[in-house]
Amino acid sequence: MEHGNASSGFSNSNMNFSPQRALQSATTAARAAGRLMRREQSAVKKINEQSQHDIKLELDVRCQKLIEKILLRALPQSAVLGEEGVAGAADAPLRWVVDPIDGTVNYAYGIPHACVSIALQTRVGSGDFSTVVGVVYDPFCEDLWTAVRGGPARLNGKVIHVSGRKELAESIVSIGFSKTKESLKENLPVFNVLVQRVRKIRMMGAAALALTYVASGRFDAYIESGISLWDIAAGGLILECAGGEFWHRPLPGSAQYRMIASNGLLRAKLEAVARAAHKL
């Protein structure tokens, strides 16, 4: 489990690593995978696996292998937890959490809204981790979001901050439906109520980008249930460092999360909408 409310400071006294150097390595890996995504953008995509609401590409695996090579060379004492598998020792004091292509369905259909998401976490207890570095890279817009816990969030080197909008009626809210029937059952009633309360709803299909859009003030909130850690670890830290709130809780009996990410001013109102929606 990863604690969303971890302290803004952290100690690396027992682990020989520099957060800034880790950030540089994550940025290098993200840009390398992004170049591969752009190069293969117009190529015929090889599908490894697909379901009604999801696609896994052979390119997902290639991108993750490329990322793993760079990250494990930079921090040999670390492990990698990725959507396309695990590498390194399970008891490593550091782990990278990687989504090599977040927004695979978009990418497979030629929609240029997808990204690379890389987070570094430190072990803070028996089975608990805290995210200390986050990188999200959109290779199609050349947007690079970065953060180190305790410092500011940045977009292409410039400090960013969440919006100050307090009213749902003024807000743009992103909503995701994951890939399961349970997620659809949970979020469709919320969508039906929320769409009447906010300025606009957006469903963009890439969780890490939705989080960084909230961090940048482009969106005001993002909600989803049934989402995985590799989708949200990097973007969640970036959002926190931009002054937002990254509320997330594990779903019972699952490795997935229920999440309300916001500018820090809207969660209570969004929870009230969800409660009302499920009473209808």
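Lys269 is partly exposed, with a relative accessible area of 33%, where partly exposed lies between buried (under 20%) and exposed (over 50%), computed with a 1.4 Å probe on protein chains only. This is a predicted model, in which local features need pLDDT of at least 70 and side-chain atom pairs count only at pLDDT 80 or more, while totals for chains, interfaces and linings use all residues. Residues are numbered from 1 along each chain as its sequence is written, and side-chain values use heavy atoms, leaving out hydrogens and water.

The mean pLDDT (the predictor's confidence in each residue, from 0 to 100) of the protein chain is 89, although pLDDT stays under 50 over residues 1–14. Where pLDDT is low, the predicted coordinates should not be read in detail.

A search of the whole structure finds 12 salt bridges, each being a side-chain nitrogen of Lys or Arg within 4 Å of a carboxyl oxygen of Asp or Glu; among them are these.

| Pair | N to O distance |
|---|---|
| Arg62 and Glu58 | 2.8 Å |
| Lys269 and Glu167 | 3.3 Å |
| Glu186 and Arg258 | 3.6 Å |

Helices (H or I, at least four residues) and strands (E, at least two) are DSSP runs, numbered from the N terminus. Lys269 lies in helix α7 and Glu167 in the loop between β10 and β11, so this pair ties together parts that are 102 residues apart in sequence. Glu186 in helix α4 and Arg258 in strand β15 likewise tie together parts that are 72 residues apart in sequence. Arg62 and Glu58, being 4 residues apart in helix α2, are separated by about one helical turn.

Methods
Contact means heavy atoms within 4.5 Å.
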